[in-house]
Amino acid sequence: MAIVTLKKLTLCGLIAEKSAVLNELHSLGGTHLISMQGALKKSENVPAQHIDEALTALKYLQQCNKHRHQVRHAEDFDFNAVVQDVLAVKNNLRELLEQQEFLLDRIKQVALWGDFNLAQEGDIAGYKLWFYIVPKRLMPQVIASKLIWEQVNQSNTDAYIAVIAKQEPPAKAMPVPRTHTGKFSLSELKKQLEEVELDLEDAYAKREYLTRWMSLILLNLAEYENKSALKAAHLLTRDEPDVFVLQSWVAVEDLPRIEKFALKLQLAYLLEDPDGDELPPTLLNNTNTFAGGEEIVKFYQMPNYYAWDPSIVVFFSFALFFAMILSDAGYAAVFMSFLLLKWKPMGLTVKGLRFRQLLLITLTASFVWGVLVGSYFGVSPGVGTFPAKLKLLDMNDFDSMMKISIFVGVIHIAFANLVQAYQHRQKTTRFASLGWAMFVIGGFMLWQGTASQQLMLEQSAFGLIGLAVLCLILFSTDRPIRGPVDFILRLFDGIKSLTSITKIFGDVLSYMRLFALGLASASLALTFNDLATQVYHAMPGMGLLFSILILLIGHTLNIMLGIMSGVVHGLRLNFIEFYNWSVSDEGYPFNAFSKKEGY
């Protein structure tokens, strides 16, 4: 639940042993290579690019409708050549399909004029054909003109007019602009379409032929990535006539292995702390129990190495937000049943295991929240029943539910600022972050004051807000004070920071979406239930079938909307509102230079 501390490792060895050293380091794993060539700073992405191409090719072959018998012997198998062939077929098929679509559209347009060839320059004494699609209501203008024209086709609303003239008729002579039919005749377009369709057949056949290599591509993915990584590593070192130098980032806990490795290969090495100006990669360390939050964080934005790891906060806050948006224990139970079906398959991979734990906590929270609000597929428990005793909240109590949503937002934003204050604990600007935390808490207290508590809460709230404003004015900048002018400028910076009051106010109010979306989900479920009941009573016999269909379709739709809303807005509140106040700078991931065993 933290960002791993890294050291910069510099290795120096004989140039003749460079390949052997890189091979050994690749087998050892656990280092993030640093480019020592200015022009090759992005070379670290070369393996990822290559493996992405291979995965794209494999997926494209797997999507083919027909698969050939798989080749099992790799004697004639060239991984790179096959991958490039597949990608070439994919690009060729896309271009051919675009050409086919274009030609079909052109044929549809030209067919309205008939099959003809345009005259070459000078063939008919300099006369040319000019084409117009004229609405029938405007045909009197064409008839009244002195042009030589002929109607070659018509539809219910338009007339297709061909005008013979040496020059394009002036705009005032024809009621509409001319139409371009292109230089190819209908028969030529059909011939081109036939050629394209033949090429499409060949391309589809080649794609089907290439499916015989799918098994070998899958088996050789890891080896291919390892070769690509080694090739890229050779480009990252600094080479001199007799020696080479390699730099990398390595986790502190891996230092004993690295030192042993250097001594074994008789390499000179140097270990350094980050100097503060350079930006090391970010390596997150979370237990599998809460690492689902880490996967979400990686998906959106990797935190800066010098920042903090928000994974566990995102983990639990996402679960809470999703639960509040879904607001139905029945829907949560349906999701849990699907999770149970996928429980073992999801545990086969590290990422699957992490997401499984995230889903378990999220769905458990959703079920508990659904029980608390007393919603089971939109049905409220009967009075006196056990579920009714567990119902502590009422979705129709708008005032209370809105206060709960705002309270969640206040806690979330205040915690974000407290974390920011801790991160900046060596700077005076930490008091500004504390000021924002006190501001949102004080504002909530001021809003919540009741008649009996009004005076006490108001005094406490105004005290917090006053102290918060003082912190913001005095500590929103780290500008040094060397004299009266600097002090005045510092005050101006502080006053300027107060403009963010509207921003933090809007961010807190944004959490009202939790109540709004939860109410919408519950209302839709109730609506589908009422509609099904009405149909059942209105149509004896067949009404039962229709009511069941309404319930199935309606609740399925509502469940899908609940998933989409819960995921989108659950992530949004974390990555927009929460990140705005707690995670500022973006980092980049730690890419371990390690051998892959398989996919």
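These are my notebook entries on what I looked up in a predicted model.

**Ground rules**

I number residues from 1 along each chain as its sequence is written. Because the model is predicted, local features need pLDDT of at least 70 and side-chain atom pairs count only at pLDDT 80 or more, while totals for chains, interfaces and linings use all residues; side-chain values use heavy atoms, with hydrogens and water left out.

**Helix H3**

I took helices (H or I, at least four residues) and strands (E, at least two) as DSSP runs, numbered from the N terminus. I started with helix H3, which runs over residues 79–110 and has 32 residues. The expected span of a helix is 1.5 Å times one less than its number of residues. For H3 that gives 46 Å, and the end C-alpha atoms are 46 Å apart, so the two agree.

**Cysteines**

How many disulfides does the structure hold? I found zero disulfides, where a disulfide is a pair of cysteine sulfur atoms within 2.5 Å. I also looked up the accessibility of two cysteines. Buried means under 20% relative accessible area, exposed over 50%, and partly exposed in between (1.4 Å probe, protein chains only). Cys12 is at 28%, so it counts as partly exposed. Cys471 is at 10%, so it counts as buried.

**Nonpolar cores**

A nonpolar core is a set of buried Ala, Val, Leu, Ile, Met, Phe, Trp, Tyr and Cys residues joined through side-chain atoms within 4.5 Å. The largest one has 67 residues. Among those with the most contacts inside this core are Leu6, Ile296, Ile413 and Tyr579. Helix H9 (residues 311–326) gives the most to this core, with ten residues. A second, separate core has 31 residues, including Leu58 and Val89.

I followed up Ile413, counting contact as heavy atoms within 4.5 Å. Leaving aside neighbours within four places in sequence, Ile413 is in contact with Val440, Ile504, Asp507, Val508, Tyr511, Glu577 and Trp581.

**His412**

I looked next at His412, which is found in helix H14 (residues 398–423). Is His412 buried or exposed? Its relative accessible area is 8%, so His412 is buried. With neighbours within four places in sequence left aside, the residues in contact with His412 include Val313, Ser317, Phe321 and Tyr511.

**Salt bridges**

I counted 14 salt bridges, each being a side-chain nitrogen of Lys or Arg within 4 Å of a carboxyl oxygen of Asp or Glu.

Glu168 and Arg178 form one of them, at 3.3 Å from N to O. Both lie in the loop between strand E6 (158–165) and helix H5 (186–210), ten residues apart. Glu168, at 41% relative accessibility, counts as partly exposed, and Arg178, at 29%, counts as partly exposed too.

Lys298 and Glu294 form another, at 2.9 Å from N to O. These two lie in helix H8 (residues 291–300), four residues apart, or about one turn of the helix. Lys298 is partly exposed at 37%, whereas Glu294 is buried at 2%. I noted that Glu294 and Lys298 also belong to a network of salt bridges with Glu295 and Arg354.

In Lys503 and Asp507 the side chains meet at 3.8 Å, N to O. Because they are four residues apart in helix H18 (residues 501–509), about one helical turn separates them. Lys503 is partly exposed at 36%, and Asp507 is buried at 10%.

**Positive phi**

Which residue has a positive phi of about 55 degrees although it is not a glycine? I found this for Gln266, in the loop between helix H7 (255–264) and strand E9 (268–272). Gln266 is at 73% relative accessibility, so it counts as exposed.

Phe377, also not a glycine, has a positive phi near 55 degrees. Phe377 sits in the loop between helix H12 (350–373) and helix H13 (386–390). Its relative accessible area is 36%, so Phe377 is partly exposed.
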